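Open the model in your viewer and follow the stops below. The tour visits a pocket and then a pair of helices.

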Amino acid sequence: MSKTTTETELPPVPDDDGAAERLSTAPVESEGPTGIGVLGWARWMWRQLTSMRVALILLFLLSLAAIPGSLIPQNGQNQFKVQTWKAQHTAVAPIYEKLQLFDVYSSVWFSAIYILLFVSLAGCIVPRTWQFVGVLRARPPAAPRNLTRMPVYAAWRTEADADRVNAAAHRLLRRRGFRAHLSGDAVAAEKGYLREVGNLLFHLSLFALLGGFAWASLASGTGGKLMVEGQGYSNTITQLDDFSGTRFYGNQDLDPFYLKLDGFTSKFQTQGDQMGAARQFTANVEYYRGSDESKLKKGTIEVNHPLEIGGSKVYLIGHGYAPVITVRNGNGEVVYHDVVPFLPQDANLTSTGVVKVSDYGTGPDGNRTQLGFSGFFLPTAPVSFEGTGPISLFPGDAAPELVLNAFSGDLGTDSGLPQNIYQLNTRKLTQLTQDGQPAKAALKPGQGWTLPNGYGSVTFEGYKQWASFNVSHRPGNAIALTGAVLAILGLIGSLFIQRRRIWVRAVALPGGGTQVELAGLARSESAKIAEELAELAVDLQDDAPASEDEPTPEDPATEDPAPGGAGPDGPAPDDDTAAEPAAADRAAAEPAAADPAAEDPAAPADQDSKE
């Protein structure tokens, strides 16, 4: 008699949520991975860092991080531009300072991205190199059991001996540059290893490229120098306008040489849509290395064509005008005579500058005083400043004019504090007035201006051109350039070289004769493997001619893949009885060939590999 279960005998209903969850077959949710441990987390982070995805992200971040260095002036390249930029953008300059945007390439955040990319490449290159060495030392993968599953296949019947056919195929494949191995009744051959060599060369070149930049940032230095025509300087820290060194390159490591600016040639387009565009900037210089003046040489420096002196390169980075100004006191004595560089402010070289006469002496009131002048130099001045103000209409010196304002008082030069020679601190200065208006004058070359209140006169004697130079010492540039060239070559090799495999199997048939099978597999889609297999099949006809009842293979890619009109899974059965063993053979062969990696032992198991 069967036992009937009543309602009172049913299992008790869970009375809490926890019990309900334990009855469910759904996986238990957790807030995060458990049981992985510190070592497991470290292994996971290392795999993420050395993956292709993270490497591309880091490379993208590095290119993004370099953008501010191209848009914002850098301290290591041009200190004058940095100071000018800060003066024009006083609101955001402190924020940029904290973010290290004036020193992008030596900033903490840029270095962090740089180092992580370095580690990521190293973590990829080392294991991949060992893996490739192992592939080179290993034999080509053995022939699969079912060659008809390969993308390119050909077969025919011959009366030649099977061993003779295999030996001939082995010889022909080696003659074609394949690494071939004869084992049993089949020949396995592989070619295209230079593809992986190109891949490794690309990664190693990136490593060298980053290493060259890193070495340059650690052992390089840059200095700036502005020279007026006829001036020269010795490459020492005391005569440079500014200098930026690194950990392994200081002011004591400067290359000893002398450089003089003989003349400067500038030409601009005078008509057309591009009127005012620069057409020529050439600095004619004299120089010698060391302290031997007898080795004086002449040279030219143009934009993007630096002059190499020793281990340094001298680049032309700026150009402008320098008025020659003479100041006389109330007694007619010359108290100032110098060439004063004015800095360009726009594309037409409207330039600003100051003149500081700190040794003026006693003023008209009998007290010791100093004079200061600020103004504009206009290479091509307009007829009138009404509506436009003092601006230049053309960068060439077609109608030069000097506009000055005069001040008297204390320049602050005797305080011992450093000052910018291109700026005038008017905090303790009083602007001179004339007829109740601020004293100012517009002078052409050769004209003078009598200052009001008996302060003397100012004469605009003429003008010269000046050029600013960047003296750069970067020992890692050659390494970086070599790495870039090799990276391109490696990339070309990895893109255009196909890795491919060919198998040849010759098996004696029970009824007499030999069955010859050829199959090919390429690691990338390419018609080259089909062409090579066709050529091999034709060459093999000398040693294994096809039987008269068999067609000679001409195009393995389009022929029937097996004798007798075989399909991709083997010979087509003639009747139901023949179909059963064919189906059985397919079922037996299918598990081994279903996964391409099973027939391709050299295929990488890690899908995140940087190939």
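On a 1 Å grid over the protein atoms alone, a pocket is an open set of points where a 1.4 Å probe fits, with protein on both sides within 12 Å along at least five of seven lines; its lining residues have an atom within 4 Å of a point. This is a predicted model, in which local features need pLDDT of at least 70 and side-chain atom pairs pLDDT 80 or more, while totals for chains, interfaces and linings use all residues. Residues are numbered from 1 along each chain as its sequence is written, and side-chain values use heavy atoms, without hydrogens and water.

Select Asn 78, Lys 81, Gly 318, Pro 344 and Trp 466: of the 31 residues lining the second largest pocket, these lie nearest its centre. The pocket holds about 690 Å³, a volume being the space filled by probe spheres set on grid points joined across faces, edges and corners.

Next, colour helix H5 (79-88), which gives the most to this lining, with 6 residues. Helices are DSSP runs of H or I with at least four residues, strands runs of E with at least two, numbered from the N terminus. Strands E4 (221-228) and E22 (457-473) are among the others that supply at least two residues each.

Now move to helices H9 (194-218) and H10 (477-496), whose axes come within 7 Å and cross at roughly 160°. Axes are lines fitted to C-alpha atoms over the stretch in contact, with angles from 0 to 180 degrees between N-to-C directions. The two helices are therefore roughly antiparallel, the term for angles over 145 degrees.

Notes: Angles under 35 degrees count as roughly parallel, over 145 as roughly antiparallel, 65 to 115 as roughly perpendicular and the rest as oblique.
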